[in-house]
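Hi everyone, thanks for coming along. Let me put the sequence and the structure up for you, and then I'll talk you through a few spots.

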Amino acid sequence: MKRLLAVVSVGAALLTGCAVTPAVQWQRSTFEGFDVISYVPEHPRGMVYLFHGTGGSARFAEKVETTDVLNRLVARGYGFASTSSTERTGNRRWNAADPSLTTNPDLARLARLQARIVATTPVEASTPLVGVGMSNGARFVTLWGQSWKNAGYPVKAIWASHGRTADPYEPGGQLTVPTVFSTSKNDFTVAPNGVVGSYLRAHNAGTPSEIYVSQERNLNAAQYQRIPGIDQQKANQIFFSLVATGVWDGQGKRIDPDVQDAAAKALGANMPGAVAPQRNEIDSESLLILAVHQFTAEYANQVIAFFDRYVP
């Protein structure tokens with residue numbers, strides 16, 4: 001196991017210092033009262049369905065790290081669709097327990113959304129489908145992918161980020177959709193060992209699978225320049241504000257020995273008023289640096305190469 005993790009933990013660096021914005025014009029609409037953010041090229045190679053984590057929404061697509069992934073997929077000829085879970089009054093989670101396309105309201109509505117996309121865009125019923133999910137969305141993407149594949153939809157591959165396989169398909173041999181799993185070394189929300197366990201059950205049963213484990217990095221100002229509206233001066237201010245929490249020293253090395261405490265202090269850092277509009281994205285990048293529970297584009301190229309093996 002140690003040897004496995006040592007291999008898969010080596011990943012490509014993110015493009016720090018460059019603001020990440022959509023490479024193409026996205027469409028914003030609604031379907032059955034739920035927001036939809038999407039893009040469909042004239043000749044789609046495939047369609048990507050996005051699934052947010054607990055408390056999220058269709059706007060998962062708009063986050064810096066997700067946008068980075070989408071830009072790379074769009075460059076490869078993919079379109080995408082992002083919508084919100086049906087449950088909107090509580091934890092805003094996807095139903096990752098019921099594999100039925102009839103009784104699971106999320107699976108049923110997504111099937112109707114797919115039908116609408118096929119009827120109104122260049123996407124065809126045979127266009128390959130892939131999925132990307134984070135946390136609760138990771139569990140759901142395995143449920144969606146396998147349930148839709150079983151129902152005859154052209155699901156070719158999925159990416160489960162920071163989440164385990166959904167219970168109906170967790171036993172070895174039940175998940176047959178080619179799957180990339182990813183996690184982070186210090187994730188205290190969904191234990192990395194649980195994600196690795198899901199990977200091993202799929203892999204050992206013969207399902208094409210890969211796993212990637214993000215490592216903690218030193219705090220650096222350039223990371224925050226990925227956020228639109230954050231220039232070098234503001235990034236430096238963010239850096240010093242985070243150092244002032246006592247989590248990191250002046251060289252960006254973490255000195256707080258408790259990563260959960262470090263994450264809480266980072267999220268509570270007193271930031272300059274000039275960066276208040278970007279606070280949510282600043283917090284996301286800080287959690288990414290700490291290698292805790294956070295979606296990252298770090299392995300986007302590897303995931304897309306995996307998708308491309310199964311999408312003509």
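I'll go through aromatic rings, then helix packing, then some backbone angles.

Two things before we start. This is a predicted model, where local features need pLDDT of at least 70 and side-chain atom pairs count only at pLDDT 80 or more, while totals for chains, interfaces and linings use all residues. Residues are numbered from 1 along each chain as its sequence is written, and side-chain values use heavy atoms, with hydrogens and water left out.

Let's begin with the rings. How many aromatic pairs does the structure hold? There are 14 aromatic pairs. Rings of Phe, Tyr and Trp (its six-membered ring) pair if their centres lie within 6.5 Å; planes under 30 degrees apart are stacked, over 60 edge-to-face, and the rest tilted. Take Trp94 and Phe140: their ring centres are 4.8 Å apart and their planes are at 15 degrees, so this pair is stacked. Trp94 lies in the loop between strand E4 (78–83) and helix H3 (105–120), and Phe140 in helix H4 (residues 136–150), so the pair ties together parts that are 46 residues apart in sequence. Helices (H or I, at least four residues) and strands (E, at least two) are DSSP runs, numbered from the N terminus. Both Trp94 and Phe140 are buried. By buried I mean under 20% relative accessible area, with exposed over 50% and partly exposed in between (1.4 Å probe, protein chains only). Ring pairs also link these two with Tyr49, Phe51, Trp144, Trp148 and Tyr153 into a cluster.

Now look at Trp159 and Phe295, an aromatic pair that is tilted, with 5.1 Å centre to centre and 45 degrees between the planes. Trp159 lies in strand E6 (residues 155–161) and Phe295 in the loop between helix H8 (279–289) and helix H9 (300–310), so here the parts tied together are 136 residues apart in sequence. Trp159 is buried at a relative accessible area of 2%, and Phe295 is buried at 3%.

On to the helices. Two packed helices are described by the angle between their axes and the distance between the axes. Helix H7 (residues 259–267) and H8 pack at an angle of about 160 degrees, with their axes 10 Å apart. Axes here are lines fitted to C-alpha atoms, for helices over the stretch in contact, and angles run from 0 to 180 degrees between N-to-C directions. That makes H7 roughly antiparallel to H8; under 35 degrees counts as roughly parallel, over 145 as roughly antiparallel, 65 to 115 as roughly perpendicular, and the rest as oblique. Which residues of H7 make the contact? They are Ala263, Ala266 and Leu267, meeting Arg279, Asp283, Ser286 and Leu287 of H8; contact means heavy atoms within 4.5 Å. Leu267 is partly exposed, with a relative accessible area of 39%.

The axes of helix H2 (residues 64–75) and H9 come within 10 Å and cross at roughly 40 degrees. H2 and H9 are therefore oblique to each other.

Last, the backbone. Most residues other than glycine have a negative phi. Arg92, in the loop between E4 and H3, has a positive phi near 55 degrees, and is partly exposed at 34% relative accessibility. His162 has a positive phi near 60 degrees. Is His162 buried or exposed? At 1% relative accessibility, His162 counts as buried.
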